[in-house]
Amino acid sequence: MSSRIEMLKVVNDLPDEYKFSDEMIKESRDYFINGDHLTVLAIDADMVVGCASMSFIRMMPTFSHPTGIRAHLMNVYTRKECRRQGIARKMVELLIKETWEKGATEISLDATESGRPLYESLGFTDSEECMVLTRK
């Protein structure tokens with residue numbers, strides 16, 4: 001949880017003292033305990049220096065996705081002082097390998113501009129396949 005909170009503050013340019021809602025904290029903890037996901041942590045000595053998660057979504061199978069298992073890569077984060085050392089790449093590669101072994105046929109993600117070169121180097125491409133409706 002501490003890595004996720006740190007990552008969300010950095011990615012969303014929030015101040016260190018920012019407080020997330022009780023609902024967000026409660027639901028995030030519940031997801032880590034009960035959600036269908038894989039999470040990896042990069043640890044140096046006793047400090048977490050990176051994290052990455054893959055969330056799994058099971059949908060009705062289609063011709064393109066016969067298992068119905070799709071995944072979404074998220075929360076890829078490396079502390080600023082540890083970046084440019086291949087930590088994020090290694091975490092993502094581990095998650096991709098495990099995701100394919102679980103039978104997923106697609107991995108999606110929402111990339112920041114700074115993360116885009118890593119994902120492109122791993123074979124991710126832009127997609128124009130879907131439309132989204134967001135609850136307001």
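Author: Let's start with Asn75, which is buried, with a relative accessible area of 13%. Before going on: this is a predicted model, where local features need pLDDT of at least 70, side-chain atom pairs count only at pLDDT 80 or more, and totals for chains, interfaces and linings use all residues. Residues are numbered from 1 along each chain as its sequence is written, and side-chain values use heavy atoms, with hydrogens and water left out.

Reader: Why is Asn75 called buried?

Author: Buried means under 20% relative accessible area, exposed means over 50%, and partly exposed is in between (1.4 Å probe, protein chains only). Asn75 has 13%, so the label is buried. Asn75 lies in strand E3; strands (E, at least two residues) and helices (H or I, at least four) are DSSP runs, numbered from the N terminus. E3 is mostly covered, with eight of its ten residues buried.

Reader: What is the phi of Asn75?

Author: Near 60 degrees, a positive value in a residue other than glycine. Most residues other than glycine have a negative phi. Asp13 also has a positive phi, of about 55 degrees, although it is not a glycine.

Reader: And is Asp13 buried or exposed?

Author: Asp13 is exposed, because its relative accessible area is 70% and the cut-off for exposed is over 50%. Asp13 lies in the loop between H1 and H2.

Reader: Which residues meet where H1 packs on H2?

Author: From H1, Arg4, Ile5 and Leu8 meet Met24, Ile25, Ser28 and Phe32 in H2. The residues of this contact divide into five nonpolar, one polar and one charged. Here Ala, Val, Leu, Ile, Met, Phe, Trp, Tyr, Cys and Pro count as nonpolar, Asp, Glu, Lys and Arg as charged, and the others, Gly among them, as polar.

Reader: Which residues of H1 are buried, and what covers them?

Author: In H1 (residues 2-11), Ser3, Arg4, Met7, Leu8 and Lys9 are buried. Their cover includes helix H2 (22-34), strand E1 (37-44), strand E2 (47-58) and strand E3 (69-78).

Reader: What is the order of the strands in the sheet?

Author: The order is E1-E2-E3-E4, an open sheet of four strands with mixed pairing. The edge strands are E1 and strand E4 (106-109), each pairing on one side only. Neighbouring strands here are turned by 20 degrees against each other on average, direction ignored.

Reader: How do you know that E3 and E4 pair?

Author: Two strands pair if DSSP finds at least two bridges between them. E3 and E4 have four bridges, so they pair, and they do it in the parallel sense. Ala71 stands opposite Ile107 in E4.

Reader: And what joins E2 to E3?

Author: Eight bridges, with the two strands running antiparallel. Ser55 has His72 in E3 as its bridge partner, and Cys51 stands opposite Tyr77 in E3.

Reader: How many bridges join E1 to E2?

Author: Eight, and E1 and E2 run antiparallel. His37 stands opposite Ser55 in E2. E1 and E2 form a hairpin with two residues between them, and Ala45 in the turn has a positive phi of about 60 degrees.

Key
Contact means heavy atoms within 4.5 Å. Axes are lines fitted to C-alpha atoms, for helices over the stretch in contact, and angles run from 0 to 180 degrees between N-to-C directions.
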